[in-house]
Every structure is written in C-alpha cells, then in structure tokens.
Amino acid sequence: MSTRLRQAFVMLRRTTPVIRDGARGAIVILLLACWYALLALEEDGKTVDDRFERTASETMGEVSRDSPAFALASELEDPLWELKQCSEAPDMNVAGRPGYYVVLGHEWWDTDPERSGRTRGLRQTFAQLFLVAEDQFASVPSPDDVPWSELPEAAPEWMSLDGPTENVYMGTAGGFHVFGHMTIPMQEDLRHRLGTSGGDDRTKLLERQLKRCTSDLAYQKTIRLLVHQGEAAIPILRREIGRLPVPQRRSVIYSLMQIPGPESAGILRDLYRQDATHEEMAYLMRIGPYRPDLEDIYAEIRADAQN
C-alpha cells in the first residue's frame, strides 16, 4: 500500500463519523479511500496535485496586519475573494504620491480544459486596488494613471456576466482614496460594502454596463445594482420599462417599486392607469413591496377583488 493511500485511510478514519451499521461504514470508508487514492495517481510523471495551476501565486507579496491599509483592505474579503497582498510599507506611487497596492484573489476549478486549451486544475483570478491616504491628493488623478499589474490570470465562466475589467476611482473610505481595477459589478459591490464617498459616477457606470449586457442574467443583475442608487436610477428604469416587452419589463417595474419617493410613485400610478399595463401593474402591486403612498391603488385592487 502506498504512503498516500495509507494517509487517506488514516485521514478518513479520523474524519468519518461512527456509523452503527459496521458494514455500511466500511463501504463508505473504502469508497472514499479509493477516490482519494485516484486523485494521487501519477500521470505523465506528475500527480494531479502537481498539475494544479495556481497562477501568479509566486508573484504575490505579503499581507501585513501592521499595514495602515490592512483594516480597510481586510473589509474587501468575502467568501469568494481572499486578500493576497497588502504590504506594511507603501509599495506603489501615483502622481508622486505613495500608496498601498492591494490584491484580492479568487481560486476556482477549471472544469472545461478542452474548450479553454489549458490543463485541468485550479486557477486564480484577481482584482487589484490602490489605496492612498486622502491627504495625499489635492486633486484626484485618473485611475488610468495607476500602474496596474498584468497578472497572469484566467476568469471563470460565471465572471463573463460581469463584463470586462475596468479602471475606476471608487471614492474615499477609511481615510483612503480607493482606486480599483475590476469589473463594474464588483466595484459596485465593494463600494456599497465599504460605504465609499464620491468617486466615479456609479449610476453612469451601471447605465453603461446595462447597455452592453449580453444575457438576461447579466441584465437582471445590473438592474438590481441600479436599485441601490435610489432616485438617480429612476430615469434609467423608466426608459427600460418603455422599451422592453412584457416578460422583461415586469422585473424592472418590480425594481422601481423598491425605490421610495414621489417620482417613482408617479410613474407606477401612471402605469396602473394605462390600459396596456393596467392588469400587469395590478398583479405586481399584489406581490410587490407595499407602498403606503399608493394606498389609493391598493384600495381599488381590493375593491375589484370583492366584485
């Protein structure tokens, strides 16, 4: 028995719960051990582990908890993205101002190497940020002035929904100017999470993203992100409602219902009064979020239901 296989049995004996039915437990252990042993088989002189490609792992720097940027940078992590670089001392200059180069990494399993032309294995994709103290800039430079690294990365298929990577000024948070090199949906998520102030116009970025969506999933994701912009998103949603066919426009109307205020209430009331959208709106009013400012419409819907 090979060393790897013996290790597999030891690991499984330690981690497999005790099963009262001894025969069933033995079968489970045997099957899992065989699976683990197969993963360790050598192919062309290399194990599967050897052929895992964690691209750019060697190019990453340190992650220092002593870095002035660490508190903010660590807030960027989530279940998908891990902090890969945040140095203790400034390690990047923009317009003569020192700052901190921050890298987030996402590791994923390449399940379709035949189409990609790559060896099956683990890959990484990255998001880059540059943090510089607020008092370092009298006027903020363009994010295109940041010397972003060309990291060897490959994006998983699901990230294609987010569109291309762009350079954005994400505003200020935690005493830093935050610049990002990432997709628009990702920067929108990070700005929302960090509570940034200022920066490139988020509504315009999302409107541009909306126009280049190539699938319904990407479109619906962008619409949901636009709702976070509140009243600034209303003209865009109104335009989309006017041009979309019935199935697609329903989700946009539902999104508009989540933005409070007299402007959205006026649009929703007009849609309810129009013959072409009356029945559609009556249905959406029943299932959507309650709007106290549209109580007159709810009263009509309740009265119609009783007749």
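At 44% relative accessibility, Arg273 counts as partly exposed, a class that lies between buried (under 20% relative accessible area) and exposed (over 50%), with a 1.4 Å probe and protein chains only as cover. Its partner is Glu300, and the two side chains meet in a salt bridge of 2.9 Å from N to O. Salt bridge here stands for a side-chain nitrogen of Lys or Arg within 4 Å of a carboxyl oxygen of Asp or Glu. Arg273 belongs to helix α11 (residues 262-273) and Glu300 to helix α13 (residues 295-306), so the pair ties together parts 27 residues apart in sequence. Glu300 is partly exposed too, because its relative accessibility is 31%.

Before we walk on, a word about the model. It is a predicted one, in which local features need pLDDT of at least 70 and side-chain atom pairs count only at pLDDT 80 or more, while totals for chains, interfaces and linings use all residues. Residues are numbered from 1 along each chain as its sequence is written, and side-chain values use heavy atoms, with hydrogens and water left out.

Now for the overall picture. The protein has 13 helices and 8 strands; these are DSSP runs numbered from the N terminus, with helices being H or I of at least four residues and strands E of at least two. Of its 307 residues, 43% count as buried. Among contacts with a separation of 6 or more, 57% join residues 24 or more positions apart, where contact means heavy atoms within 4.5 Å. The protein exposes about 16,900 Å², and carbon and sulfur atoms supply 52% of that area. Accessible areas come from the Shrake-Rupley method with a 1.4 Å probe, and for residues only the protein chains shown count as cover.

Let's return to the charged pairs. Side chains of opposite charge can pair when their charged atoms come close. The count comes to 17 salt bridges in this model. One of them joins Asp162 and Lys221, with the closest N and O atoms 2.7 Å apart. This pair links distant parts of the chain: Asp162 sits in the loop between β6 (121-133) and β7 (165-173), and Lys221 is in helix α8, 59 residues apart. How accessible are the two ends? Asp162 counts as buried because its relative accessibility is 5%, whereas Lys221, at 30%, is partly exposed.

Arg239 and Glu207 also form a salt bridge, again with the closest N and O atoms 2.7 Å apart. Here the link runs from Arg239 in helix α9 (residues 234-243) to Glu207 in helix α7, 32 residues apart. Arg239 is partly exposed, since its relative accessibility is 32%. Salt bridges that share partners join Glu207, Arg239, Glu240 and Arg243 into one network. Within that group, Glu240 has its place in helix α9 and counts as buried at 2% relative accessibility. Apart from neighbours within four places in sequence, Glu240 is in contact with Leu210, Tyr219 and Val252.

The buried residues are Ile184, Pro185, Met186, Gln187, Glu188, Leu190, Arg191 and Leu194. Gly195 follows α6, and its phi is positive, near 70 degrees.

Setting aside residues up to four places away in sequence, Arg212 touches Pro164, Glu166 and Ile184. Arg212 lies in the loop between α7 (202-211) and α8 (216-227) and is partly exposed, with a relative accessible area of 29%. The C-alpha atoms of Arg212 and Gly163 are separated by 8.1 Å, although the two residues are 49 apart along the chain.

Patches are made of residues with over 30% relative accessible area and no salt bridge, with like charges joined within 9 Å and nonpolar side chains (Val, Leu, Ile, Met, Phe, Trp, Tyr) within 5 Å. Lys and Arg count as positive and Asp and Glu as negative, while His and the chain ends are not counted. The place of a charge is taken as NZ of Lys, CZ of Arg, CG of Asp or CD of Glu. Glu62, Asp66, Glu88 and Asp91 gather in a patch of negative charge. Asp66 is found in the loop between α3 (48-51) and α4 (70-74), and is exposed at 60% relative accessible area. The other patch is nonpolar, covers about 280 Å² and is made by Tyr254, Tyr283 and Ile287. Tyr254 belongs to helix α10 (residues 246-256) and is partly exposed, with a relative accessible area of 32%.
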